[in-house]
Each structure stands twice: as structure tokens, then as C-alpha cells.
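Please look at the structure first.

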Amino acid sequence: MLFSEVADVFNRLEGTSSRLEMASILSEFFRTLDPEPLRNIVYLSQGKLHPDFYAQELGMADKLVLRSVAFVSGTSEDSMSDLWKKEGDPGKIAEILIKNKKGQMSLFAEELTLDTVLKNLTLIENSSGRDSQDDKMKYLSQMLRYSNPIEARYICRIVTGRMRVGAGSMTILDALSDAFGTKDDRPDIERAFNITCDLGLVAETLAKGGVDSVKEMKVTVANPIKVMLAERLPSIPLILDRMGGICAMEFKYDGIRVQAHIDKDSVKLYSRRLEDMTSNFPDIAEELRKRCKAEKAIIEGECVAVDPKTGSMLPFQAVTHRRKKHGMDKAVEEYPVKIFMFDILLSDDTDMTVFSFEERRSKLSDTFDLSDKVQLTEMEVVDTPEKGEEFFSKALSMKCEGIMAKDPGSIYRAGSRGFLWIKYKKDYEESLTDSFDLVVVGAFHGRGKRAGKYGALLMAVFDDEMGKYRTVCKLGTGFDDAFLAGLPDMLDEYLSKDRPGTVDAQMMPDVWFLPTVVLEVVAAEISLSPIHTAALGIVKEDAGLGLRFPRFTGRVRDDKGPEECTTVNEVIEMYELQNREKN
Ligand code: AMP
């Protein structure tokens, strides 16, 4: 298969911001493909060679890519640096230069195949050691030499990790159900993705065996499962009401969530964003391995730092020392950690996600010999507000953030946020509304004391039905000088020349960012807004919802991906509750 066919589809995707149209372009293409190329093309459309949780990345530096482009197109260093200043995108630069070169000579007799691209990308990925830079340039140049301009654009974007054709996982799932099933099959296909985190595998399975094969896919060790998430409510009586008068209440520990995949002698730990965290918690991995009585298991728990002298739990900041890339041996020694397990998703060959919370909890406790480091979350069945308040106070006295209420009869809904789990935190009591995890989508240049820096940020929530980020506030409070100075470092790699297709905004910031960075924000109130687009037209015609007096809490939620931020539905729910409480 020629790579130009694939690049043309990417080009068509980039030409539209409509999710419906993207899905239809992809579904038409997917239908024509054999299972194996389909799997690889699904990964490539997201700028990858493997599923998201695969640790190794292509990540070639821009400079290196530009050197290869200059070499293949015979361009001088000066012209390259002018182009870089103007375009800031190695893909666009490669496209322009290859186009110019092709204008001069029509030499490229050989055409680039998908196989060659996959082979060379794999070689780039595997290059390591002293000559790796030269090797990577060599493999890239080999591809560019036979590329047409559009192919060159996408090859350079893939190797630099900036694919950005705008087709997110949900759009690809839409396309897959359209190509290989019907609308009614969409939930089964999405569940297969949620329990494997591998879109390529789901696509290949569909193309080989249809929807029936996908329905048979099960949770497996080494394929992380998308985590189940909690909604929030502002009081314990409301939680009990919502749960039908009875719930299982657990402490909500202030640490880092890990999903442990245990297989006899090997353990892998994944973060909720699917990063491999095994090397950050080697002590926990080893202890889980020793304490697990099953041959295979997948469990979830919260890793919390403890005071080495007193053994009492420390706040979240302490455990973040374990998120570093380097110096882990020292961090392991200085910041001892315990895991509080709260769920089990696989036990030997039994897929536990389809069992009730009660059954899972009992299986979890049967599967482990507990120790000081490996414990179960504190849990109590609560059926009155008084018992709930008492349990909440106990949680706070143990330095927990609050409580998690769980519906005893509920299955584990991978990748879904709902009222089967409800969180209630201490900070909900302290501000009029509770905290929000918002995504940065833009910034405004500062004035006065903040001149030359970003002065304020445009923040958004996620509309998970539309797959779009909708704005809720302009945030300029709660930043200290060091944070303001560090903003360009944190954000500039996500700069976007125009408003990204996934962002829905009426306010125009000075610069746009691809929705990536999540910040925790508190606010005094949620109000109707003529300018913000969250829930636009839902609560009131011609008005969205905005946050009044938003303030950054100082907490960057780098454990959350943009799609895990606060959703439009949560904001609507909170707005309605707030108004109910006022009246
Ligand atoms: P939040 O990050 O505020 O959305 O809260 C959800 C997170 O709370 C989960 O992803 C876990 O990391 C954490 N957590 C702490 N204790 C528990 C618990 N007992 N059950 C489930 N999640 C918990």
C-alpha cells in the first residue's frame, strides 16, 4: 500500500473541524483496509506506532528533523532558520521545501510505501546509543527522499510527536463502528477500547472477526484499563439521597492513583494517564508481587507518602517526589509510600469489572496478604447522614482529602465518570463551590507588573459528548511570581497558530494552546455568562456558564489528561445544586 493514500486521508482530516465529517472520511477509508494495515494506520493517525500506554516515543528533536529536511532539499542553514521563524512547524517546512524541490526536478520515480514508513519509523524509535542522532537522521532522510510534499508534512509531524490531525479516540471509535458495525454497536466497541486502551487492537479485531469478536475482548494483564471516575456532590445528605439511602464510604486518600498489573513474577504500575510508573514505585511493585495470592491480578489503589518517623499520611506534595524521572533511589528512601487498594479488575482469569462493588471488594481482600505497605482503603457502609459525617471527620483526621461514596451494587465502568462513585472533599466546605480541574486553551499577554509574561489564561472544561473544550473563565489570580515566570516553559510547546479545532470559544486570547495542561481552580460561584461557551444554550438560550472570581490553587494536575478535566455536565450539575441551595 502506498503511503500517499494514507497521507491524503490525513490531509482531508486536517481540512475539516467537523467530528462527523472526520468520522465519515475515516470510516470510508477503514472499510477498504486489511486488518494489519488498519491497525497501524489507526496508530499513525494519532501520531504513534503503538497504543498510548507504550512507553517508547519517536520524539525526534525539531532541530534534527530540520537538518534532515535541509539535507534532502539542499537548503542552506540561513534559509532554514528564516523558515523556522515564520512557520514554527517542521512538517510545514518539509512540505514547502519538498514542493520547491519537486518543482525543479521530477525525479522521484520510486514511491513511498506504508511498509517502508513503518519500517523506518521503527528504526528511528529503536535507535539508541552514541550514533543514534545520525541514525535517526539517516532513516528520516531515506523517507523524505521519496516523499511527496504532503507525505513529508506528516512524516515530519509524526517523528516530532505533533501529528494533530484532530481525530481523537472518540472520532476513531465513531468511524470504526460505522465501518464495521452499526450505531448500536458503538457502546460495545467503546467498552473494548476502555478495557484495553488499544485502539489499533480494537480496529484489527473488528476487521478480522466483526463486532462479535470485539464483544468477547476481556481485560488482560499488560493492557491498562481506562479508570472509572467519580462525580461530585456538595454534601453528604445529597450523596446518600442520590445513592438511594445507602452506600459504601471509603477514605479519599491524597496521593497518586496506580493500576497494578501483576503476573506471577512481574508487576507493572500504570498511572491514570497510562504512563508506566513501575520505576517510580519499585517498592510498591515488589510488595504487591509478594503479597498477591493469585497468579494474575489487576488492582487499583492510591499510593500515599507517609512520614518515615510517625507513619502518618503526608499531603499530596510529598508523593510527587516519586514522579521524578531521575534520582529515584534517593526518593524511594526519603519518601516511603504505602498503597491503599480500592479495586480489583482481574483475578486469575476472571474479569472482575462485571462484578458488583461488594463482590470486588471481597475478592480484593481475599487476594492479598496485607502488610504495612499494602493495605485496603478504610471502608464503612453508611446509611444515615450522621454516620457519613462521622466517617468524613475521621477521614480528615487521618489527613485524607475527604471521602469516596460507592454504590455497593455497581459494576466497574471503565473510562466512565458517573454517580456510581461520588467524591466529597474538604475544600467543598471551604469555598462556595468546589474545585475544578480546568484545561488551559489560551493566554493573554500581561500588562504592568506582568508585562512580557503571560498575565492571564483562558480556561476550559471538556464537553465529552461533543469531544470539545468549552471555556469557563479567564484566570489571572492565584499565580505567584515563580509560577508566572515558568508558564512559557510549561505551555509554549503546545502553542497553536490558530484556535485548535477541539476548542469552542468566543473570547479571543492573544495565543492559543492545544488543550493539554490541567490546573486546579476554585471559584466563588458559577454564573450565566454571555461570553463563555460551556453549556452554551443549555441552561439559558444565548448564555453559557462561567466561573466568578476563579483562583488557581497552586496545584498543576499533571496526573490528569485534558479529557479527564471537569466536564460541562459536572458544571451544569454544580450550577443547579448551587441554585437549589441558595433558594
Ligand atoms: P479527583 O482526582 O479529585 O477527581 O478524585 C478521584 C481520585 O481520587 C481517583 O482517581 C483516585 O486517585 C483518588 N482516590 C483516593 N481514594 C480513593 C478511593 N478510596 N477510591 C477511589 N479513588 C480514590
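This is a predicted model: local features need pLDDT of at least 70, side-chain atom pairs count only at pLDDT 80 or more; totals for chains, interfaces and linings use all residues.

Residues are numbered from 1 along each chain as its sequence is written, and side-chain values use heavy atoms, without hydrogens or water.

**The cavity**
- The structure holds 2 cavities of 30 Å³ or more.
- A cavity is a set of points, on a 1 Å grid over the protein atoms alone, where a 1.4 Å probe fits but cannot get out; lining residues have an atom within 4 Å of a point.
- The largest cavity has about 400 Å³ of space, a volume being the space filled by probe spheres set on the points, which are joined across faces, edges and corners.
- Its lining has 26 residues, and Lys252, Arg257, Arg272, Glu302 and Met404 are the closest to the centre.

**The ligand's place**
- The ligand sits in the largest cavity, meaning that more than half of its atoms lie within 2 Å of the grid points.
- Around the ligand are 16 residues, of which Glu250, Arg272, Glu302, Lys406 and Lys423 come nearest; a residue counts if one of its heavy atoms lies within 4 Å.

**Polar contacts**
- These are pairs of N or O atoms within 3.5 Å.
- A polar side-chain atom of Glu302 is 2.5 Å from a ligand oxygen.
- For Arg257, a side-chain N or O atom lies 2.9 Å from an oxygen atom of the ligand.
- A polar backbone atom of Phe251 is 3.0 Å from a ligand nitrogen.

Notes:
A polar contact is a pair of N or O atoms within 3.5 Å; within protein, one must be able to donate a hydrogen and the other to accept it, and residues adjacent in sequence count only if both atoms are side-chain atoms. On a 1 Å grid over the protein atoms alone, a cavity is a set of points where a 1.4 Å probe fits but cannot get out, and a pocket is an open set with protein on both sides within 12 Å along at least five of seven lines; lining residues have an atom within 4 Å of a point.
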